[in-house]
Amino acid sequence: MAELAHLLLRTVARAFYTTDHILVIDALINHSTLQDNDLSHVLSMQSKPLRKLCGRLREDGLLSVQNRAERRTDGTGGYVGGTPQAGKERVTHRDWYYLNFHKAIDSIKYRMYKLNKHIEGQGIPTTEKKDYICPRCKSQYATMEVIDNMDMATGSFICHRCGHVLEDVAQDDGANENEGMKRLNIQFDKIMKLLQQIDGTKVPENDFQTALSLQKPVTRTDTHPGARTEVVDLPNRNLQSTKGLEIKPEKISIQLQDDEDVKRENAAAEAAARREREARQNALPEWISKSTVSGDITAVGAKEEKQRREREANSGVFKEETSNEDVKPNTGEEDVMANYWAELARAKEEAAAKEREEEDEEEEDDDDDEFEDVGPLLSAMSTSNDNADAASDEDEDDVQFEDV
């Protein structure tokens with residue numbers, strides 16, 4: 001509740017701060033929020049020492065400050081000795097002081113924790129605690145130091161220095177090392193109880209807008225009239241002075257991934273980039289993929305483009321734009337020179353095709369001449385051979401008859 005927060009702030013201010021700081025806290029509790037001029041008027045203080053007091057409370061977390069732009073609405077430039085002075089209306093930035101309960105309570109808890117740790121550190125003994133003392137020489141020993149020097153008959157420990165029987169050290173109530181903590185708990189008992197009550201309840205949020213809605217106006221006299229102002233919504237000039245900066249609300253996204261998943265994604269991305277790089281290296285040159293005469297895509301170039309698109313669709317890698325030149329479709333609207341060069345190219349192609357046809361015909365004629373019909377020739381050759389054989393047989397018969 002707000003009453004508990006007010007009581008805690010008043011108690012802490014009276015325990016740790018001076019009277020001027022206490023007056024600042026009480027004024028803000030009564031009025032909820034005040035600008036610097038109104039606060040200096042309520043406390044009858046100058047602005048400079050007042051800002052110093054508020055700066056100390058702000059550093060400690062008990063006080064909060066809101067700066068906003070305001071403009072006078074009474075047509076005056078200010079007051080001198082209670083008399084309004086004519087002047088140009090201008091925008092001024094005013095500091096408004098208020099008490100943020102949640103921030104102040106957290107700051108008090110933190111400082112109490114640090115103070116508690118400090119007192120505990122001072123109460124820790126720096127030497128080992130002694131268990132036995134010699135009544136004769138006043139020497140003190142720990143149990144482990146005299147365990148080897150024991151009188152077996154009586155079971156008592158003997159002093160190493162004078163040989164007298166040792167006595168137990170008298171246990172003072174709480175052995176002085178906890179005295180500081182006891183005093184701290186006694187002195188801060190009220191603050192600790194208030195903190196426990198606040199932890200058990202729900203303290204309302206008291207931001208600047210809430211404090212401004214609950215503000216109790218300051219009563220002023222004609223001697224010290226207050227300026228009537230209105231709030232001015234000014235943009236942030238520091239951000240607007242930077243050209244090309246687009247102001248958008250910040251968005252924070254957190255994505256949790258396994259190391260193995262990240263490794264696989266990186267490996268896949270590297271493989272895709274490598275394939276894309278190899279595809280660029282193996283791509284056809286422009287003088288093959290495009291016609292040097294009309295600039296249209298050739299059949300080979302269209303096939304290569306189709307394969308490239310299939311690779312991008314399969315790998316999911318989008319090709320970066322390497323140039324601003326786009327492939328323009330053939331619309332048929334060509335100028336005179338383009339038609340001329342196209343007709344010339346077609347004429348050359350027809351002439352070349354005609355020459356190739358003539359060459360093919362000549363080659364076919366040569367082949368016909370080389371491969372003639374050999375049927376009559378073979379029959380003539382066989383007839384001549386038969387006649388030769390018959391003649392040879394007759395000669396042999398003549399020879400035989402002559403011999404006889």
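Helices (H or I, at least four residues) and strands (E, at least two) are DSSP runs, numbered from the N terminus. The structure above is a predicted model, in which local features need pLDDT of at least 70, side-chain atom pairs count only at pLDDT 80 or more, and totals for chains, interfaces and linings use all residues. Residues are numbered from 1 along each chain as its sequence is written, and side-chain values use heavy atoms, with hydrogens and water left out.

I begin with two loop residues. Lys138 sits in the loop between β6 (132-133) and β7 (140-141). Its phi is near 65°, a positive value in a residue other than glycine. Most residues other than glycine have a negative phi. Lys138 is exposed, at 57% relative accessibility; exposed means over 50% relative accessible area, buried under 20%, and partly exposed in between (1.4 Å probe, protein chains only).

Ser32 also has a positive phi, near 70°. This serine, Ser32, belongs to the loop between α2 (19-31) and β1, and at 13% relative accessibility Ser32 is buried.

Next, strand β1. Gln35 lies in this strand, which spans residues 33-35, and Gln35 is buried, with a relative accessible area of 10%. Which residues does Gln35 touch, not counting those up to four places away in sequence? They are Glu70, Arg94, Asp95 and Trp96, where contact means heavy atoms within 4.5 Å.

Glu357 is found in helix α14 (residues 336-370) and is exposed, with a relative accessible area of 51%. Arg274 lies in helix α11 (residues 259-281) and is partly exposed, at 41%.
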